[in-house]
Amino acid sequence: MSQLVRDREMEMALVGQMAVDLVSMHLPEIISILTAADASLHYALEIDMSIYIETNAFVCNHILQRPGESLPLLDKALVLAQSRVMDNSADQHIMSVKPLSHVRCTRLPQVPDLQLQRIPRSMHVGKLVNMVGTVIRTGMVKMMDTRRVFQCLTCKGRFTVPVEREIGYQVTKPTKCQVRVDMGGGVVEPSDCDGKKFKEIQMEAGNSPGDCRDYQEIKVQEQVTKLALGTIPRSILVLLEDDLADTCKPGDDVSIVGTVTRRWQNLNAGDRAETEIVLVANHVRVHNEQRSNLLLTDELKAEFAGFWDDLEDQPINARNFIVSSFSPKIVGMSLIKLAVMLVLCGGVSKVDKSGMKMRGDSHILLVGDPGTGKSQFLRYAARISPRSVLTTGIGSTSAGLTVSAVKDSGEWQLEAGALVLADRGLCCVDEFGSIKEQDKTAIHEAMEQQTISVAKAGLVCKLNTRCSILAATNPKGKYDPNQTMEVNIALGSPLLSRFDLILTLLDTNNVEWDKTVSSFILGITEDMVEVENRPLKGRKLWDADKLQAYLTFVKSRFNPVLTEPANEILKRYYQIQRGSDLRNAARTTIRLLESMIRLAQSHARLMFRNEVTVQDAVSYPFSFKIAAINAIMLVEISMNSTGLDGVQSTLHSTFPEDGMSEYLAKERTFLNRLGLSHLASDSIAAETEAAGGGASGKAHPNASEEDGDLHDSEGSQFST
């Protein structure tokens with residue numbers, strides 16, 4: 001009896017100390033819980049364990065090492081803290097103690113045993129850990145009993161038996177009378193009854209199910225991007241209770257703090273004990289936003305800003321330097337690298353007042369002969385993207401790409417596919433043409449609306465697929481330039497129109513290029529600087545980690561908005577394409593204009609720009625028109641019209657040493673053919689100088705007549 005009293009006293013002292021700590025650290029949050037209206041709801045109080053360990057190291061270590069005992073005591077301490085705060089408050093009339101309150105532990109100390117990147121092992125059983133992963137399956141939210149009441153048929157006493165997580169929230173029928181007798185003074189001892197027959201007391205109709213709790217099982221998989229090459233990601237079941245149920249969906253990136261425990265089925269004589277490790281969640285945080293990689297430090301942010309400040313007068317060379325850092329072991333293909341970098345930067349999604357959404361993620365399809373490096377582009381893009389999924393079209397079904405219904409333990413559950421797992425990231429699909437025809441139509445909604453509507457096995461829901469798709473495929477046989485793209489790769493127009501860019505890589509004969517590539521592969525030329533006349537030769541190319549940090553930085557910082565000159569350029573090009581007699585009806589839809597807007601915004605992000613108006617023409621004379629014109633260049637190349645810039649092969653394209661001079665020449669040619677020569681950079685600079693330094697975006701007096709002649713004479717150059 002003395003041991004029971006001591007244990008009871010120690011528990012009360014620990015709860016009291018926890019309550020004092022909670023009041024000192026989270027008084028405003030406790031007052032907010034007290035003033036809440038509905039006392040039947042669950043309320044959560046998040047406590048930062050990294051701070052708590054500095055406040056009370058003894059109690060914090062007790063929680064980390066023995067969470068099975070300590071976490072229920074924390075909930076009791078929160079109720080006690082509410083009572084103490086309410087007693088000392090002058091606003092007691094608007095306060096009420098919330099018994100269904102829970103303390104959620106967040107930000108565990110940065111210790112390897114507590115911060116897990118892989119699935120917990122048996123050595124972690126009974127410990128509180130933090131695990132980061134991706135939700136791949138969610139079960140239905142169920143209601144479970146937390147305890148059952150039994151009556152002893154011998155002494156007629158009643159006692160309560162709690163459910164056991166270890167056997168799947170089931171109640172084991174008692175084998176001995178567990179009735180306890182109050183001895184007074186707060187001491188409770190077992191009775192002397194040795195009865196072995198009991199009956200279960202059913203809850204009377206109309207009583208409140210106070211002993212019922214919400215419950216859900218989800219399956220979380222290790223993050224593929226954080227695993228070593230060739231490692232197969234494993235998964236673990238996570239148990240969510242009370243207010244944590246239904247807080248995430250398939251495809252979500254989550255950080256879970258929970259207790260590692262074992263679970264097994266009911267044991268029968270002679271049967272093998274099937275044991276599995278599960279994680280009982282205490283706190284779940286969904287972080288689907290673009291991951292701010294740990295590599296993105298304040299020093300790197302300052303370095304990126306200084307890089308563009310130093311090269312303010314030659315932004316094209318600075319851009320070419322960044323693009324050259326993408327997959328430096330692939331010689332040339334500068335246009336392909338630029339296009340992939342724009343996809344990784346992404347545009348800005350827009351939702352109008354009516355709720356109509358225009359996606360900001362671009363899709364690109366690489367069509368090329370074998371051996372042109374398509375798969376290498378996909379793998380390097382997946383490597384530098386903070387969140388990516390790499391798959392192949394061979395053997396991929398619509399369920400594998402979107403979502404599948406899986407029957408587990410007698411019930412149907414949804415399991416996320418590649419596009420759902422890549423939400424807010426990049427999905428790379430190699431051998432895209434090998435996907436079965438009936439499966440290709442399943443991704444139409446995922447590519448344009450960026451959602452997947454599911455109606456399988458009685459489960460009706462909608463999942464997000466807000467990702468960019470980088471696909472690669474081979475032509476059907478030898479590529480015929482005289483045939484349309486639909487014929488060459490055997491893909492339907494509805495699917496092709498959803499790709500912002502379709503770039504062709506043809507392995508044509510070029511003696512000089514073959515000599516350059518063979519020398520690079522054989523190791524005769526060790527550094528790409530000697531192979532390719534890239535800009536900024538004095539600077540070292542960025543590695544993959546730095547490039548990933550740059551992409552993360554520009555996506556989180558910049559939300560470019562098109563200026564009026566850029567709007568005029570894109571609008572005029574779209575009008576000319578629509579009016580051409582030789583246009584491709586499948587490609588020149590309204591999606592063409594949306595694609596150019598996305599590419600222009602992506603290019604502005606890549607150029608470290610947010611918004612540049614005409615008034616900024618003196619300081620940044622090549623700013624947003626660069627984005628608009630480069631978007632048109634890529635779209636024109638994608639539509640197989642090389643009359644604009646003379647590029648005959650994207651495979652052999654390289655960056656010039658002086659990108660600014662070439663850009664100015666192309667800008668003048670583009671704007672002349674569009675009938676917008678007054679928007680050229682040198683024209684604006686001349687007007688600015690003539691006006692005494694004030695920037696002006698107005699057209700020349702004779703611009704409209706001159707531009708009309710240019711449109712009539714040169715408009716055919718833009719036909720597809």
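Modeller: Two strands pair if DSSP finds at least two bridges between them; helices (H or I, at least four residues) and strands (E, at least two) are DSSP runs, numbered from the N terminus. On that basis, five strands form an open sheet in the order β18-β21-β24-β17-β25, with parallel pairing. The edge strands are β18 (388-392) and β25 (501-505), each of which pairs on one side only. This is a predicted model, in which local features need pLDDT of at least 70, side-chain atom pairs count only at pLDDT 80 or more, and totals for chains, interfaces and linings use all residues. Residues are numbered from 1 along each chain as its sequence is written, and side-chain values use heavy atoms, with hydrogens and water left out.

Colleague: How do you know that β21 and β24 are paired?

Modeller: Four bridges join β21 (residues 426-430) to β24 (residues 468-473), and the requirement is at least two. The two strands run parallel, and V429 stands opposite A471 of β24.

Colleague: Why are α7 and α8 called roughly perpendicular?

Modeller: Axes are lines fitted to C-alpha atoms, for helices over the stretch in contact, and angles run from 0 to 180 degrees between N-to-C directions. Angles under 35 degrees count as roughly parallel, over 145 as roughly antiparallel, 65 to 115 as roughly perpendicular and the rest as oblique. The axes of α7 (residues 315-324) and α8 (residues 334-345) cross at roughly 90 degrees and come within 9 Å; the two helices are therefore roughly perpendicular to each other. Their contact (heavy atoms within 4.5 Å) is made by R319, I322, V323 and S324 of α7 and S334, K337, L338 and M341 of α8.

Colleague: What makes T451 buried rather than exposed?

Modeller: Buried means under 20% relative accessible area, exposed over 50%, and partly exposed in between (1.4 Å probe, protein chains only). T451 has a relative accessible area of 14% and is therefore buried. This residue is found in strand β22 (residues 451-456).

Colleague: Which side chain makes a polar contact with that of T451?

Modeller: The side chain of E445 does, at 3.1 Å. A polar contact is a pair of N or O atoms within 3.5 Å; within protein, one must be able to donate a hydrogen and the other to accept it, and residues adjacent in sequence count only if both atoms are side-chain atoms.

Colleague: What is the bridge partner of T451 in β23?

Modeller: The partner is N464. Six bridges join β22 to β23 (residues 459-464), and these strands run antiparallel.
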